[in-house]
Amino acid sequence: MSQISITLLRLGFLILLWALVLSAIGVLRADLYGTRVTSRGKGMSQRRREAARAEKMASPARAGTGVRAGGMMAKEAVAAHLAVTSGPLKGTTIPLGSAPVLIGRAATCTVVIDDDYCSSRHCRVYPDNGQWMVEDLGSTNGTFLSNQRVDDPVPFHMGDRLLLGATAIELRS
């Protein structure tokens, strides 16, 4: 074998060794410091808060009558947020908009739950035809809505408890 072949093999082996060392350091760092939490905004924008406040002030006579601004009867109050009632994120509220809420352990989820019984992409809560739905995303330990296992997308009503491992989440207005 020529001298250049041996030098290239040595260099390749050295690069492979350093890649192994750096990946081991990355795993140790993730175990020590956990996952990174990214900021996803502050909830309602100032404009939406002002519009909601103005609408509330404009129609005080309608409060409690069950009539929406459009004049239709409301079956239930409009859901505004998800509230975590038990588990590692107890007390956390997640504002709802038109986008689905992905719940799981992965850093890419909207709600990141650090729980051994929660899958990386556990379930999602999404709007569908004016109501909120819950869908299990193939989680290992299952998703339960009011003590019933969720296999297919099911409606998520106000006051229902969504259980994922040790975490309970409620839909609130």
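What pattern does the protein chain follow when read along the sequence? The answer is α-α-β-β-β-β-β-β-β-β-β-β-β. This is a predicted model. Its secondary structure comes to 2 helices and 11 strands.

**Chain totals**
- The protein chain has 173 residues, and 23% of them are buried.

- An open sheet is formed by 5 strands, in the order 4-3-5-6-9. Its pairing is mixed.
- Strand 4 (111-112) and strand 9 (154-156) stand at the edges. Each has a single partner strand, so one side of each is left without a neighbour in the sheet.
- Strands of a sheet pair through backbone hydrogen bonds, either parallel or antiparallel.
- Strand 5 (residues 123-128) and strand 6 (residues 131-136) run antiparallel. They are joined by 6 bridges.
- Opposite Pro 127 stands Trp 132, in strand 6.

**Thr 110**
- Thr 110 sits in the loop between strand 3 (101-104) and strand 4.
- Is Thr 110 buried or partly exposed? Thr 110 has a relative accessible area of 36%, so it is partly exposed. Buried would need under 20%, exposed over 50%.
- Thr 110 and Arg 124 are 14 residues apart in sequence. In space, their C-alpha atoms are 9.3 Å apart.

Methods. Residues are numbered from 1 along each chain as its sequence is written. This is a predicted model: local features need pLDDT of at least 70, side-chain atom pairs count only at pLDDT 80 or more; totals for chains, interfaces and linings use all residues. Side-chain values use heavy atoms; hydrogens and water are left out. Two strands pair if DSSP finds at least two bridges between them. Helices (H or I, at least four residues) and strands (E, at least two) are DSSP runs, numbered from the N terminus. Buried means under 20% relative accessible area, exposed over 50%, partly exposed in between (1.4 Å probe, protein chains only).
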